[in-house]
Amino acid sequence: TTAYSTSNEASGTGYSAGGNTLAISQVPTSTSTTSWLDFTDTTWSSATITANGALIYNSSYSDTAVAVLAFGGDKTSTAGDFTIVFPTADSTSAIIRIA
């Protein structure tokens, strides 16, 4: 996909269309060969939803897709927290890396 769309978006109690605004957990960082950035984990509280993936997109730039996340199957919360935990922020694991 190239941009955010409501097509096939999760819905349910505790979830709003468009998702959450992500907070950058550290400034973009680099080594001599790799740059990366990371986000703070994001949670929908008291949510009843099922999702198979997520889209990170830039809402300030035409909702352009930045990264597509695949959860490896359906993940469900029932009247509980639905949390996306981002990997360690380093040159080999960060969610967004450019090498």
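Reader: What makes up the largest nonpolar core, and which members touch the most others?
Author: The largest nonpolar core has 14 residues, and F39, W44, I56, F82, I84 and F86 touch the most other members. A nonpolar core is a set of buried Ala, Val, Leu, Ile, Met, Phe, Trp, Tyr and Cys residues joined through side-chain atoms within 4.5 Å. β3 gives the most to this core, with 5 residues. Strands are DSSP runs of E, at least two residues, numbered from the N terminus.

This is a predicted model: local features need pLDDT of at least 70, side-chain atom pairs count only at pLDDT 80 or more, and totals for chains, interfaces and linings use all residues. Residues are numbered from 1 along each chain as its sequence is written, and side-chain values use heavy atoms, with hydrogens and water left out.

Reader: Why is W44 called buried?
Author: Buried means under 20% relative accessible area, exposed over 50%, partly exposed in between (1.4 Å probe, protein chains only). W44 has 10% relative accessibility, so W44 counts as buried.

Reader: How do you know that Y15 is buried?
Author: Y15 has 17% relative accessibility, so Y15 counts as buried.

Reader: Why is the pair of Y15 and W44 called tilted?
Author: Rings of Phe, Tyr and Trp (its six-membered ring) pair if their centres lie within 6.5 Å; planes under 30 degrees apart count as stacked, over 60 as edge-to-face and the rest as tilted. The ring centres of Y15 and W44 are 5.6 Å apart and the planes lie at 45°, so the pair is tilted. Y15 sits in the segment before β1 (24–30) and W44 in strand β3, 29 residues apart.

Key: Helix = DSSP H or I, 4+ residues; strand = E, 2+ residues; numbered from the N terminus.
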